[in-house]
Amino acid sequence: MSTDQQLAVAELPAPRTESTPPRRDFLAKAFGVTALLTAAGSAFGLLRDLLLARYFGANQGTDAFLVAWTVPETAAPLLIEDAMAFLMVPAFSLALVLREENPHGPDPVRQLVRATLPWLLLSLCSLSAVVAVGAPHLVGFLAPGLADPDLAVTCTRITALTILPFGAAGYLGSALRAHHSFTAPAGIYVAYNLAILGVLLTGHRVWGVRSAAIGVATGSVLMAAVLVGPFLKKLRAGKRRKSRRGTAGLVLIPLAILPVAGFTLTRQAQVFIERHLGSALPPGTISHLNYAAKVSQLAMTAAILICTVTFPVVARALAAGDLRAARDRVEKDIGQATALVLMGTAFMMACAPSVVALLFERGAFTAHDTAATAAVIRVYSFGLPAQALIGVMVRPYFSVRPVVRRADEDPASFRVTRLDWYPVGAMALGLLVTVGVGLAATPQYGGLGLAAGNAAGITTTAALLMRGLLLRGIAIRVPKVITGQARLLAAALGAVTVGWLIDGLVADPLLATLLGGLAVLGVFTALALALRAPEVRGPFLAVTKALHPSPAEGKPHGR
């Protein structure tokens, strides 16, 4: 750890320029718009999975498609959700800070686009071609025991087409979020899943499970198309420069890409491990794991939305050198994300059989598939809080040293160091735990062993990353964070118990899901209020105040 980093841990320095945080109502509106569109995208995604289960069930054909789906599943976090955002949101945030500092000079945002976008598109085209040509080798590596490898190769070549539009969508979406424009980026998964649904509905009889791969490729193109117009509008809005003298003050750091990409790939390697080990288990196991993961991750949607909306705020504060504001925002994000994901996790663990039966048990999806998927969901759920924490913590970690720097800063201080690779090392250790638990438990427990390995590995990584934030200079107050986590965990345990009892007493899946969900929500809220958890108490008081305003607030103010 360098001297500068040691000082950053010991005390929070004054910001380079005074950073003005966005108004609270702006963040609330941004979260509301993002939540609404993301919920719509998730709903269409769930409908997509329902159609897959209805039309194709859980068999060797769906296993083959899911192996091919590894390509877009890997490309999405690498090019849209994680790595691209980790790189480009801080880069565009720094460019916007420089634009504000020098409003009459050349536009740093345009400089950044000219320096990065052409090379990105060329690299993505090359990568897409490599994946398509090497599809047989990729399938053999991912799932050597697959029952229908030829079908998997065909679907892989189709899904390889998603790499270019995914990358373009991630780049454009990061630029828009840095400009605090959230509507279009939040709507990309609506377009994506609508395209998949359209192709599935019209082509499942003709192309079989290949229709799902064709829909994925079509949807990826629509994702990028949705963002082109808003991006160009923001780019044109910055063209108000009176002088061309001087430089825009941005210098690229290409090697900074490597730790970010390495972390995203090692995190996604959990899926590779599941597919590889699961291919040797009975047909349908990979499909059960996939359906369970999709349902379980619904509990994380709102938690991830929080850090998606606040990430540009943290990046802008770090670009301005305001570590105190970044620290406070990260601590608040950790608490709020944990509250939401624990409430969702409690519901999933309590009501998994009813939820799966309600959603999937029809057509080719049998009662046996329901039982297997529900059991995996309950094991997966142990790792969901850690998944959410990683999403919150890794964003500010990489924002401290973005892919660009100011031209007047010392280049030697921006060399890639071992500390930049810390998240990769943390994730690698988590993968070792995943492999170890998976190999030990799979022979006896099958898919449940793989799910247990996933939960254990990701929890290990989350614990290591919390330590990494301190080393990085964002001095979060660990005792305060741990105390808040303990209160929320106690509330979640009580909610799971009550919800599980109700789910076991009610036979109808719809009624059991509704009653269990209401019970989990009520018990979690009551216990969190009793334990004085601020993450629940604050929103509860705000809602109560909005519903029952005081007489003084209801009266109009005089002159």
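Biologist: Which residues in α15 meet which in α16?

Modeller: From α15 come Ala302, Ala303, Ile306, Cys307, Thr310, Val314, Ala317 and Leu318. They meet Leu323, Ala325, Ala326, Arg329, Val330, Asp333, Gln336, Ala337, Leu340 and Val341 in α16. Contact means heavy atoms within 4.5 Å. This is a predicted model: local features need pLDDT of at least 70, side-chain atom pairs count only at pLDDT 80 or more, and totals for chains, interfaces and linings use all residues. Residues are numbered from 1 along each chain as its sequence is written, and side-chain values use heavy atoms, without hydrogens and water.

Biologist: At what angle do α15 and α16 pack?

Modeller: About 180°, with axes 9 Å apart. Axes are lines fitted to C-alpha atoms, for helices over the stretch in contact, and angles run from 0 to 180 degrees between N-to-C directions. So α15 is roughly antiparallel to α16 (angles over 145 degrees count as that).

Biologist: And where does Ala302 lie?

Modeller: In helix α15, residues 301-319. Helices are DSSP runs (H or I, at least four residues), numbered from the N terminus; strands are E runs of at least two. Ala302 has a relative accessible area of 27%, so it is partly exposed. Buried means under 20%, exposed over 50%, partly exposed in between (1.4 Å probe, protein chains only).

Biologist: New topic. How accessible is Leu258?

Modeller: Leu258 has 46% relative accessibility, so it is partly exposed too. Leu258 sits in helix α13, residues 257-278.

Biologist: How much of the chain is buried?

Modeller: Of its 559 residues, 55%. The chain has 24 helices and two strands.

Terms used. Parallel < 35°, antiparallel > 145°, perpendicular 65-115°, else oblique.
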